[in-house]
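Here are a few exercises to work through with the model open beside you. Try each task before you read its solution.

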Amino acid sequence: DLGQVLDVRMALHGWYRPGPGDAGAWRLNRGLSGGGVLSDVGCHRLDLAAWWFGLPRRVVADVATRTQDYGVEDSAYVLMELAGGVRFSGSFLWNSKIRTDEIDIVGTEATMTLRPCDGPGVTVTAGDTIRRHALPRPANAHRPLIDEFASAVIGDRPPEFTGPDGMRATQIIDVIYESAQRRSWLELG
């Protein structure tokens with residue numbers, strides 16, 4: 001329906017400020033978390049991008065702590081060139097009190113929008129035609145993943161999502177951090 005995919009935009013913004021003794025405060029310790037907003041929540045969106053489009057060809061990023069007094073980043077802005085020349089832009093923030101969770105995939109024929117990404121549906125817009133498709137959420141978002149993995153073990157087959165699949169997001173994040181440090185485009189090999 002989309003035609004040739006041209007552009008992918010992802011945004012995941014929120015305010016993360018754990019209080020003293022908060023069980024989630026480990027996220028602010030780079031030694032435990034590996035990083036801030038990018039490693040904690042951005043990784044899931046980058047995982048989707050890699051699953052849908054493969055590893056990017058090249059990456060440039062700006063990763064910084066702009067608002068919070070963290071030892072990890074509270075904001076990350078990423079530009080990537082994906083396979084076939086598809087452009088990707090992403091912003092991941094822990095310093096915005098306006099919650100944003102959206103994905104737009106723009107093609108030559110239509111645009112697919114998930115807004116919010118974890119919401120109950122997807123919208124496909126082609127010219128003046130707008131179609132909404134229901135995507136009911138499971139009661140527990142992790143349950144289908146666990147069920148699929150258990151089914152693979154019981155059925156003695158590889159899981160639908162493998163270790164190398166999960167590793168792609170980590171590879172992308174490593175290059176994003178390096179690009180931000182060097183302040184330049186980096187090729188992903």
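**Exercise 1. Find out how strand E2 (residues 58-64) is placed and which strands it pairs with.**

Step 1: Start with burial, where buried means under 20% relative accessible area, exposed over 50%, and partly exposed in between (1.4 Å probe, protein chains only). Five of the seven residues of E2 are buried, so the rest of the structure largely encloses this strand. Helices (H or I, at least four residues) and strands (E, at least two) are DSSP runs, numbered from the N terminus.

Step 2: Look for partners, remembering that two strands pair if DSSP finds at least two bridges between them. E2 runs antiparallel to strand E3 (residues 75-81), and seven bridges join them. Within E3, serine 75 is the bridge partner of alanine 64.

Step 3: Now turn to strand E9 (residues 186-187), which pairs with E2 over two bridges, again in the antiparallel sense. Here leucine 186 of E9 stands opposite valine 59.

A word on the model: it is predicted, so local features need pLDDT of at least 70 and side-chain atom pairs count only at pLDDT 80 or more, while totals for chains, interfaces and linings use all residues. Residues are numbered from 1 along each chain as its sequence is written, and side-chain values use heavy atoms, leaving out hydrogens and water.

**Exercise 2. Describe the surroundings of serine 96.**

Step 1: Locate serine 96 in strand E5 (residues 95-107). Its relative accessibility is 16%, which means that serine 96 counts as buried.

Step 2: List the contacts (heavy atoms within 4.5 Å). Leaving aside residues up to four places away in sequence, serine 96 touches His13, Gly14 and Trp15.

Step 3: Check the side chain of serine 96: one of its polar atoms lies 3.2 Å from the backbone nitrogen of isoleucine 98.

**Exercise 3. Which backbone features stand out at proline 116, aspartate 156 and arginine 183?**

Step 1: Proline 116 sits in the loop between strand E6 (111-114) and strand E7 (121-126).

Step 2: Aspartate 156, in the loop between helix H3 (143-154) and helix H4 (163-182), is not a glycine, yet its phi is positive, near 50 degrees. Aspartate 156 is exposed, at 73% relative accessible area.

Step 3: Arginine 183 lies in the loop between H4 and E9. Its phi is also positive, about 60 degrees, although arginine 183 is not a glycine. With a relative accessible area of 64%, arginine 183 is exposed.

Conventions. A polar contact is a pair of N or O atoms within 3.5 Å; within protein, one must be able to donate a hydrogen and the other to accept it, and residues adjacent in sequence count only if both atoms are side-chain atoms.
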